[in-house]
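These notebook entries record what I looked up, residue by residue.

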Amino acid sequence: MAEQDTQWPLWEVFMQSKSGQPYKHAGSVHAADGEMALENARDVYTRRNEGTSIWVVPANAIVASTPEEVGSFFDPANDKVYRHPTFYDVPEGVKYL
Amino acid sequence: MPELSQLELETRFQKKIDDNLYIEPKDWMLEKYRQNLLRQISQHAHSEVVGMLPEANWITRAPNLRRKAALLAKIQDEAGHGLYLYSAAETLGSSREQILNAFLTGKAKYSSIFNYPTLTWADIGAIGWLVDGAAIINQVMLQRASYGPYARAMIRICREESFHQRQGFEILLTLCRGSKDQKAMAQDALNRWWWPSLMMFGPHDKDSPHTGDMTKWRVKRESNDELRQKFIDRTVPQADFLGITMPDKDLKWNETTGHYDFGEINWEEFNQVVSGNGPCNRERMNARVKAHTDGKWVRDAATAYANKKRNKAA
């Protein structure tokens, strides 16, 4: 971890580009508090109307999966082909299925 | 999960890069990869920030409101680009504080092109057209660099930069269609900015120390000389359209190679500017340090205000 940073805490920025769309990670900003983080995120990431709504989250509050365990972590879904519609046979002529 | 040996980790890392996958901040990475990227991304960030200075020189003297608004927007973009890149650099385990200190104490470098002065309004045109034009060639390549946060920052930056180059070209086109003096001013700007723009691509491949590893790690996908040639091939016809000429008597179309031949770059000048003896090196650093120092009370006030609000809420 980097040493003490006097440039304020780090916030991760998530943005909704259009009403109804999911929020996507846009980048990060430094700010003294949440309100300032929102304003900074607006100035840095929405200069061309890229967003209709912004979330800012303290970077140290994010819990992430670890890359080393990517295999075992996602393993439970790997062999469950029956979760996909293509697993099932649909007789010819049957519609709307 | 069994512990992997250093060799296995390195092999996996390189295979990921070779498979055109991306390295993300928490992934295992070669220490030299991390260091080289941190150096490159932070230098890139500093360049965006210093790049604001030569242009800021003309904000109050822009010839009309349209030009002033465009120039302000461009400079604001450069600040944003610096911030995207600082964020990307921070994911490599260095703090914003450390990165800025390396810059303000002169330990970290920035692109030498910004150590040239902007003497006339036409220089603002030349910067947009040539300097941003050269930067775009380099940055388009970097959009697919192997480090995820860097590649994503580049995609965003490239999307925003195309207006920079167009506004520069438009400034020069207006001057070239104007009076004799205005056209001469455009020619003079081209004379002064052409060679430094070519130097932006760095030394010839045979003299470029970092190219080997950066190519292997898919950060650099095209060599300095290839990128430079691409820039020349694209830009010369644009100058023809403007009706001004590059200050290079050896520049001519080569039917056989399908590229422009060009004269030798003055590498002595390049080395001088890189090592701190360009026309504006000291001025640029002083301006940056002054801005940082003068801004301290704002940072302190914002911190105090945030603390006050937090204490009230508690």
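**Entry 1: A:Pro85**

I began with A:Pro85, which I found in the segment after α2 of chain A. Helices (H or I, at least four residues) and strands (E, at least two) are DSSP runs, numbered from the N terminus. A:Pro85 counts as exposed, at 68% relative accessibility. Here buried means under 20% relative accessible area, exposed over 50%, and partly exposed in between (1.4 Å probe, protein chains only). I then looked up the separation of A:Pro85 and A:Ile62: they are 23 residues apart in sequence and 34 Å apart in space, C-alpha to C-alpha.

**Entry 2: Basis of the values**

I note that this is a predicted model, in which local features need pLDDT of at least 70 and side-chain atom pairs count only at pLDDT 80 or more, while totals for chains, interfaces and linings use all residues. Residues are numbered from 1 along each chain as its sequence is written, chains are lettered from A and ligands numbered from 1 in the order in which they are written, and side-chain values use heavy atoms, with hydrogens and water left out.

**Entry 3: A surface patch on chain A**

Which residues form a nonpolar patch on the surface? I found A:Val81, A:Tyr82, A:Phe87 and A:Tyr88, with about 420 Å² of accessible area together. Patches are made of residues with over 30% relative accessible area and no salt bridge; like charges are joined within 9 Å, and nonpolar side chains (Val, Leu, Ile, Met, Phe, Trp, Tyr) within 5 Å. The accessible areas come from the Shrake-Rupley method with a 1.4 Å probe, and for residues only the protein chains shown count as cover. A:Tyr88 is partly exposed, with a relative accessible area of 47%.

**Entry 4: Salt bridges**

A salt bridge is a side-chain nitrogen of Lys or Arg within 4 Å of a carboxyl oxygen of Asp or Glu. By this rule I record 28 salt bridges over all chains.

I looked up B:Glu160 and A:Arg48, which form a salt bridge with their closest N and O atoms 3.6 Å apart. Why does the pair join two chains? B:Glu160 lies in helix α7 (residues 148–176) of chain B, and A:Arg48 in the loop between α1 (34–45) and β3 (53–58) of chain A, so the pair joins two chains. B:Glu160 is buried at 3% relative accessibility, and A:Arg48 is partly exposed at 33%.

Another salt bridge joins the side chains of B:Lys15 and B:Asp19 (2.7 Å, N to O). B:Lys15 is partly exposed, with a relative accessible area of 49%; B:Asp19 is partly exposed too, with 40%.

**Entry 5: B:Lys74**

I placed B:Lys74 in helix α4 (residues 65–90) of chain B. Is B:Lys74 buried or exposed? I found that B:Lys74 is buried, with a relative accessible area of 1%.

A polar contact of 2.9 Å joins the side chains of B:Lys74 and B:Glu78. A polar contact is a pair of N or O atoms within 3.5 Å; within protein, one must be able to donate a hydrogen and the other to accept it, and residues adjacent in sequence count only if both atoms are side-chain atoms.

Leaving aside neighbours within four places in sequence, B:Lys74 is in contact (heavy atoms within 4.5 Å) with B:Glu55, B:Gly128, B:Asp132, B:Phe163, B:His164 and B:Gln167.

With B:Asp132, the side chain of B:Lys74 meets in a salt bridge (3.1 Å, N to O). B:Asp132 lies in helix α6 (residues 121–142) of chain B and B:Lys74 in helix α4, so the pair ties together parts that are 58 residues apart in sequence. Both B:Lys74 and B:Asp132 are buried. I also noted one network, in which salt bridges that share partners join A:Arg47, A:Arg48, B:Asp77 and B:Glu160.

I looked up phi of A:Trp8, which is near 70°, a positive value in a residue other than glycine. A:Trp8 lies in the segment before β1 (10–16) of chain A and is buried, with a relative accessible area of 19%.
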